[in-house]
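Me: Please take a close look at a single part of this model, the sheet and the helices beside it. I would like one connected account.

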Amino acid sequence: MVDTRGSDNQQAAMTEAQFMAQLKAAFAQMPNEIPIYHFVNPGRDDVFAQTNRQIVRVFRELSSKITFREYNLDHELARKWQVTRSPTLLIAPETYQIRWLGAPMGEEGRIFLETLMMIGMGQSHLNDESKGVLQKIAEPRAVKVFVSPTCPYCPQQALNGVQAAVERPDIVSLEIVDIQANPGLADQYSAHSVPQTFANEVLTGMGAQSQELFCASLKKLEPQTVFIPEVDAGLVENDVVIVGGGPAGLTAGIYAVRSGLSTAIIERDALGGQVATTPIVENYTGFSQVGGKNLVDIMVSHALQYTQIFQGEEVIDITPGDPIVVQTSRRKFHTRAVLLATGASHKHLGVPGEKRLSGKGVSYCSTCDGPLFVGKKVIMVGGGNSAVTEALHLHHMGVDVTLVHRRDKLRAQDVLVGHLKEAGVPILWNTEVKEIQGDSSVASVVLENNQTGERSTMAVNGVFLAIGYEPAVALARKIGVAINEEGYIQHDRHRTNIPGIYSAGDVEGGYKQIVTASGQGAESSMAIFEDLINPYWQTKKGA
Ligand code: NAP
């Protein structure tokens with residue numbers, strides 16, 4: 001057997017030498033100087049400060065463009081750049097707002113090198129979509145990315161931060177915070193699992209994000225889970241406009257495009273409709289148990305493979321004709337068919353105190369607000385699937401919840417009622433809420449037993465309401481779509497009374513399940529496809 005260890009070592013040395021030579025050549029091409037400033041506490045020369053000096057010494061060998069200066073925290077430059085922690089590295093602070101709190105040790109060393117190269121070149125290397133999102137941010141973003149040297153996901157997120165700061169030095173300031181060197185700061189932000197990203201003191205990312213999601217989260221100042229490219233066009237011409245991005249609209253989008261119809265989905269609020277705020281879904285085929293928001297992300301990602309989605313845009317008006325004109329808050333669409341998949345919105349109790357204390361203890365979304373009530377006492381009003389699912393959700397997260405129902409029997413499915421009994425959630429039967437009381441937040445509710453007429457006051461911190469939905473038919477009414485006695489869109493296999501205008505999902509009434517809404521979305525797109533090939537209204541005319 002041949003001993004290859006000697007040649008392996010030689011090869012490794014060669015490879016390292018070649019790598020360094022390549023880096024030197026790359027730095028030699030760079031137009032920009034790369035000044036690095038190191039701020040330390042005079043009384044504390046710790047391992048992080050020593051590491052910084054060692055790292056920078058290695059990188060300085062690569063290029064004379066990299067310069068290094070060290071100052072104490074009481075130096076005027078520390079005051080000028082508002083440096084208060086030791087050690088802190090500032091990179092090209094006259095041009096960029098990028099600083100390292102701690103040291104770029106372990107996995108972060110590579111990102112530090114990439115940062116120097118980006119600054120040397122003056123290029124962020126972001127893709128066009130990410131640059132497009134950043135260009136639309138008008139206000140400053142102060143970003144903190146919490147990292148640790150051993151975390152394999154942190155470099156990606158740190159790199160996102162650096163790229164954003166290099167691309168938009170005018171508005172993005174970045175602090176990469178090593179939590180080992182800055183445990184107090186990590187405590188302050190509860191950033192104990194890394195990477196974690198904050199912008200303007202708001203959590204914008206848990207874990208590593210793609211560069212597009214990082215930039216979109218920075219723009220919206222909330223964590224984004226699906227990247228939806230923005231379109232700037234003032235006029236879009238296509239075959240189908242779908243109003244509403246819930247399960248019906250998303251499924252309809254997939255089916256329409258697969259039928260060869262160019263399609264756009266317009267959603268003014270959050271995609272996914274009610275599903276997005278449903279804690280757990282257990283009856284959507286293929287998913288024995290899935291978080292509502294997760295299911296929505298899966299659906300949206302699937303739909304985006306086919307159709308354009310315009311989120312945060314409201315349909316103001318629809319003018320039937322050829323083409324049908326859809327006016328939104330941002331642009332016009334000329335289209336051949338419109339599908340109304342506008343869903344339904346929460347019903348209100350209409351009792352004193354409900355409106356005034358909404359958002360101050362009165363809530364219509366346990367997924368959103370439940371965590372605020374852990375260890376506190378609340379009531380959940382309603383007896384349908386929503387009330388029972390949400391009461392269970394609150395109970396499991398540690399909220400002291402009592403279900404309040406106006407009859408002596410729940411409307412919810414047996415399996416859910418079974419779960420509620422097993423969990424031991426108390427139920428007040430034949431009970432109606434007459435008033436919600438409290439000054440700045442909910443303090444109590446006035447309840448009435450509708451069998452005995454007896455009234456009582458119950459001290460609670462919160463009132464959750466899940467008493468059904470009102471169909472969102474304002475737009476349909478405005479353009480003259482017929483509405484049935486129950487207030488839902490009247491339709492014949494998803495065709496409304498107006499040629500070219502269709503409906504699907506909860507706005508049609510019926511069972512209001514995710515799976516039925518999806519099915520209706522698919523059916524309606526197939527109806528649109530059939531009609532665009534062979535318009536039934538023209539056939540009728542000719543007959
Ligand atoms: P829902 O089935 O219409 O039930 C509404 C509940 O609120 C009923 O129990 C009703 O009482 C009560 N209620 C209505 N108005 C009230 C008022 N003014 N004061 C007090 N109580 C009032 O609504 P939902 O539970 O939101 O469900 C809506 C649809 O979504 C349903 O089709 C449901 O099956 C579906 N959904 C399905 C799932 C699932 O399958 N996982 C989950 C959630 C929702 P009464 O019973 O006395 O009428």
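Reply: The sheet is open and mixed in its pairing, with eight strands in the order β2-β1-β3-β4-β6-β5-β7-β8; strands are DSSP runs of E of at least two residues and helices runs of H or I of at least four, numbered from the N terminus, and two strands pair if DSSP finds at least two bridges between them. Its edge strands, each pairing on one side only, are β2 (66-72) and β8 (202-206), and from one strand to the next the twist averages 20°. This is a predicted model, in which local features need pLDDT of at least 70 and side-chain atom pairs count only at pLDDT 80 or more, while totals for chains, interfaces and linings use all residues. Residues are numbered from 1 along each chain as its sequence is written, and side-chain values use heavy atoms, with hydrogens and water left out.

Within the sheet, β5 (residues 141-147) and β7 (residues 196-199) run antiparallel and are joined by four bridges, and lysine 144 stands opposite phenylalanine 198 in β7. Helix α6 packs on this sheet, touching β4 (98-101), β5, β6 (172-178) and β7, and its direction makes about 155° with that of β6; contact means heavy atoms within 4.5 Å, and angles run from 0 to 180 degrees between N-to-C directions, with axes fitted to C-alpha atoms, for helices over the stretch in contact.

Helix α6 (residues 154-167) also packs with helix α4 (residues 108-121), at an angle of about 15° and with the axes 9 Å apart. That makes α4 roughly parallel to α6, a term for angles under 35 degrees. Among the residues that meet are Ile111 and Met118 in α4 and Leu159 and Val162 in α6.

Notes
Parallel < 35°, antiparallel > 145°, perpendicular 65-115°, else oblique.
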